[in-house]
Amino acid sequence: MKEPIPARKTPNIQTELAKERNRAAAERTLMAWIRTSLTLISFGFGIDVIVSAIRSFQVVRDINPVRLSRILGLAFIGLGIYAMIMAMIQHQQELYHIRRDEEYLYTPRHSLALTVAIALVCIAVFAFIGILISAFTHKHSM
């Protein structure tokens with residue numbers, strides 16, 4: 001006697017389309033974070049290249065006003081790498097939630113955009129203070 005073939009669960013077309021829209025939105029979000037991360041990394045490399053060019057044209061080698069710039073360049077590169085890694089992790093988590101068979105439930109998460117914005121403010125404050133101190137010490141040493 002043959003066993004009956006189990007009836008196939010008919011997918012709800014509205015649910016499946018909603019999942020596809022969520023997946024597409026997650027892809028767009030990841031691409032936006034990739035662009036943001038690459039911009040931060042490129043900006044960091046750009047600062048480093050400019051600093052290297054300035055150092056190569058310096059006649060007096062004992063002056064080192066570019067240390068802050070090099071640190072800033074590395075900070076931007078590090079922030080870009082961090083943003084890229086966190087965006088990939090969040091993307092994987094979002095795809096996991098979409099793929100689950102049970103109902104899709106919103107789960108609150110930390111805002112990656114807010115974290116990156118706070119880090120950028122910290123870098124900017126650090127740069128501002130460094131340039132301000134450099135300007136005052138350079139002015140008084142003349």
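I started at Arg-23: it counts as partly exposed at 31% relative accessibility (partly exposed sits between buried, under 20% relative accessible area, and exposed, over 50%, with a 1.4 Å probe and protein chains only). Before going on, I noted that this is a predicted model, where local features need pLDDT of at least 70 and side-chain atom pairs count only at pLDDT 80 or more, while totals for chains, interfaces and linings use all residues. Residues are numbered from 1 along each chain as its sequence is written, and side-chain values use heavy atoms, with hydrogens and water left out.

**Salt bridges**

I searched the whole structure and got four salt bridges (a side-chain nitrogen of Lys or Arg within 4 Å of a carboxyl oxygen of Asp or Glu). Arg-23 meets Glu-20 at 2.6 Å, N to O, and meets Glu-27 at 3.8 Å. Glu-20 sits three residues from Arg-23 in helix H1, and Glu-27 sits four residues from Arg-23, about one helical turn (helices are DSSP runs of H or I, at least four residues, numbered from the N terminus). Glu-20 is partly exposed at 40%, as is Glu-27 at 29%.

I also looked up Arg-70, which bridges to Asp-48 with the closest N and O atoms 2.6 Å apart. Arg-70 is in H2 and Asp-48 in H1, so the pair ties together parts 22 residues apart in sequence.

**Ring pair**

I found one aromatic pair (ring centres within 6.5 Å; planes under 30 degrees apart are stacked, over 60 edge-to-face, the rest tilted; Trp uses its six-membered ring). Phe-43 and Phe-76 have ring centres 4.8 Å apart and planes at 90°, so I logged the pair as edge-to-face. Phe-43 belongs to H1 (residues 13-57) and Phe-76 to H2 (residues 67-99). Phe-76 is buried at 13%, whereas Phe-43 is partly exposed at 47%.

**Core**

The largest nonpolar core has 15 residues, and Trp-33 and Val-116 have the most contacts inside it (buried Ala, Val, Leu, Ile, Met, Phe, Trp, Tyr and Cys joined through side-chain atoms within 4.5 Å). H2 gives the largest share, six residues. I listed what Trp-33 touches beyond four places in sequence: Ala-83, Ala-87, Leu-112, Ala-113 and Val-116 (contact is heavy atoms within 4.5 Å).

Conventions: Helix = DSSP H or I, 4+ residues; strand = E, 2+ residues; numbered from the N terminus.
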